[in-house]
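Dear colleague,

I am handing over a structure that I have been reading through, and I would be glad if you kept it open beside this message. My notes on it follow below.

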Amino acid sequence: MTAALLEVSDVSVRFGGVWALRNLSVRLDGGGIVGLIGANGAGKTTLINVVTGAVRPAQGRVLLDGHDLTAMTAHRAARLGLARTFQNIQLFGSLSVLDNVLMPYRIRHRSTLRQGRARALALLEQVGLADRADGRPYELAYGQQRRLELARALAMAPRLILLDEPLAGMAGRESEEMLTLFGRLREQRVTLLLVEHDVASVLRISDRVLVLDHGRLLADAPAAEVVANPAVRTAYLGDAMGADD
Amino acid sequence: MTTMRSRTGPVMGFAVFAAVLLSVPAVFTRVPLYTMSTAVLMVLLALAALGLVPLAGRARQVSLGQAAFYGIGGYTSAILTTRYGLGGWWALVAGALLSAAVAWLLGSLIFRAQGHYLSLATLAFGLALAALATQLPMTGGNAGITGVPALSVLGIELSDDLSMYYVFAGMLLVATVAVQVLLRSFWGAALTAAGDSPVAAAASGVDVAGLRRTAFVVAAVLASVAGSGYACWYRYVDPGVLGLLSSVELLVIVSVGGRDSVWGAPLGALGVVTLTQLSKEQIGPASGASFELTAYGVILILSLLLLPRGLAGLPAILLGRWRRHRLTTGRIPREAR
């Protein structure tokens with residue numbers, strides 16, 4: 001068995017008296033889009049926080065390409081090729097749009113300003129923001145801010161990007177553009193873990209779907225199988241998906 | 001990092017700043033409110049507050065112990081020169097190194113944790129150091145240390161306010177340039193990012209704790225140099241320089257002047273020293289520490305309400321208003337007709 005890109009083994013996280021994750025084990029082998037769904041409080045964001053080093057688990061291990069991330073600080077994990085976006089958009093408001101991408105790029109690649117600038121502009125071009133490079137993040141529309149977060153994540157040359165509700169608050173066309181971007185990243189062999197409440201979009205684009213329920217893994221299967229899973233329908237999908245059948 | 005910003009603006013700014021510093025003696029010896037000793041105090045306070053620009057302005061970490069490092073510099077200079085006969089400049093360097101080491105150790109402990117621990121930890125550190133200074137025989141107890149020798153340059157003793165002013169105004173100018181270069185560097189961009197969003201900065205590979213600690217060390221070194229200068233100028237140091245009031249004064253200076261800009265420290269020092277002088281003239285010197293603390297509180301609230309970006313942000317506000325005024329009253333450009 002080859003080493004997994006991401007291996008979460010028997011991870012538990014407790015906040016006070018509440019278990020956010022309980023004996024959770026997940027394995028991602030690299031490539032493709034993996035959807036992660038579950039009700040509010042199921043532990044989706046906690047899982048992202050554990051993997052990125054923002055939250056320390058009470059027990060268990062997290063390995064990225066064989067590197068133990070469990071006790072690693074967030075910035076060291078990021079430098080190993082782990083990037084993320086946030087449920088509530090987190091941009092560097094005091095920096096220009098270009099510097100939001102250039103700064104992480106130069107950290108990851110130790111590049112000169114000239115090289116970094118050219119590459120950062122190319123990344124902004126990729127997400128359709130090259131013409132806004134000199135502006136400030138708060139001057140961008142909501143969907144553009146989400147795309148800037150994605151460009152900043154791509155600047156870390158990630159092997160794995162954890163996307164925390166990247167479609168939240170977006171209108172139909174903006175959502176479609178974002179999903180198209182994710183599709184292009186899949187073609188570039190970047191692995192995406194997509195946490196999203198827009199279940200229809202997740203099921204449509206994901207190669208595989210994980211379902212969390214009260215901190216436990218309820219299902220781990222291709223989208224079609226997840227939709228048909230009675231336990232998932234009872235716990236999360238309910239009648240909404242049934243109506244589509 | 002500054003990818004596209006102009007370099008001529010800051011150079012012009014420093015040329016103007018140098019000219020203003022050079023003209024201060026001519027003005028301060030003619031205007032009734034000021035004296036040359038006011039000018040010396042102003043540059044020393046500006047130097048001590050300057051380090052709060054990267055720390056509080058960019059990293060958004062509020063230190064309530066900046067005066068502790070001012071005190072470490074002052075006491076180190078006083079002890080090494082009066083007890084061990086060390087030269088004033090060597091004592092100043094020793095104070096700066098000691099402050100850097102203490103700040104590094106303290107920062108290593110504090111910045112591991114998230115939240116507003118710096119304020120609480122530096123407050124406790126400053127109070128503990130002030131209490132220690134009153135108890136230790138080496139620091140002279142409540143009486144402090146007298147007879148600190150004046151600094152010398154090329155064998156000339158800086159015994160008068162004017163020569164002391166020129167030397168420390170020069171040091172302030174150099175320190176301001178150095179801090180500006182730091183803020184415009186890659187380090188400054190990463191520090192700003194860490195201030196804007198620590199979690200996103202960490203996810204972008206920024207060592208947030210390490211950067212905060214470095215900013216804390218820079219602030220400590222600048223405060224220490226100013227403290228050493230104060231001890232050698234005043235020829236005396238006592239536990240009062242370490243106290244909470246002094247730390248609050250430095251925070252008020254940088255808040256009134258503007259935390260985002262290196263000009264905030266000198267502008268804030270000018271503003272606060274002027275207001276203090278005015279209040280002393282109006283109310284009298286016997287007003288005491290409680291009055292000063294109240295005055296600082298009022299000044300801070302007013303500046304946050306009226307000028308959230310401080311005096312240094314005033315030109316940008318005025319320029320914005322002028323542009324808006326032009327938009328509503330100016331001629332319509334030919335291409336827009």
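Before the helices are described, a word on how their geometry is expressed: axes are lines fitted to C-alpha atoms, for helices over the stretch in contact, and angles run from 0 to 180 degrees between N-to-C directions. Please also keep in mind that this is a predicted model.

With that in hand, we can turn to chain B, where helix α5 (residues 88-110) packs against helix α10 (residues 208-234) at an angle of about 150°, their axes being 8 Å apart. Because angles over 145 degrees count as roughly antiparallel, α5(B) is roughly antiparallel to α10(B). The crossing in which α5(B) passes α10(B) is right-handed. On the α5(B) side, the residues that take part include Gly95(B), Ala96(B), Ser99(B), Ala103(B) and Trp104(B), while among those they meet in α10(B) are Phe216(B), Val217(B), Ala220(B) and Ser224(B).

Ser261(B) lies in the loop between α11 (244-257) and α12 (264-283) of chain B, and it is buried, because its relative accessible area of 19% falls under the cut-off of 20%. The side chain of Ser261(B) reaches the backbone nitrogen of Trp263(B) at 3.0 Å, and, if residues up to four places away in sequence are not counted, Ser261(B) touches Val53(B) and Ala312(B). Ala128(B), which sits in helix α6 (residues 117-135) of chain B, is partly exposed, with a relative accessible area of 45%. Between Ala128(B) and Leu52(B) there are 76 residues in sequence and 21 Å in space, taken from C-alpha to C-alpha.

Which strands does β3(A) pair with in the parallel sense? One of them is strand β9 (residues 208-213) of chain A, with which β3(A) pairs over five bridges, and there the bridge partner of Gly38(A) is Leu212(A). Strand β8 (residues 191-195) of chain A also runs parallel to β3(A) and is joined to it by four bridges, with Leu194(A) in β8(A) as the bridge partner of Gly35(A).

Terms used:
Residues numbered from 1 in each chain as written. Chains lettered and ligands numbered in written order. Predicted model: local features only at pLDDT ≥ 70, side-chain atom pairs only at ≥ 80, totals over all residues. Heavy atoms only, no water. Helix = DSSP H or I, 4+ residues; strand = E, 2+ residues; numbered from the N terminus. Buried < 20%, exposed > 50% of the residue type's maximum accessible area, 1.4 Å probe, protein only. Pairing = 2+ DSSP bridges. Polar contact = N/O pair within 3.5 Å; in protein donor to acceptor, adjacent residues only side chain to side chain. Contact = heavy atoms within 4.5 Å. Parallel < 35°, antiparallel > 145°, perpendicular 65-115°, else oblique. Left-handed = near helix turned anticlockwise from the far one by under 90°.
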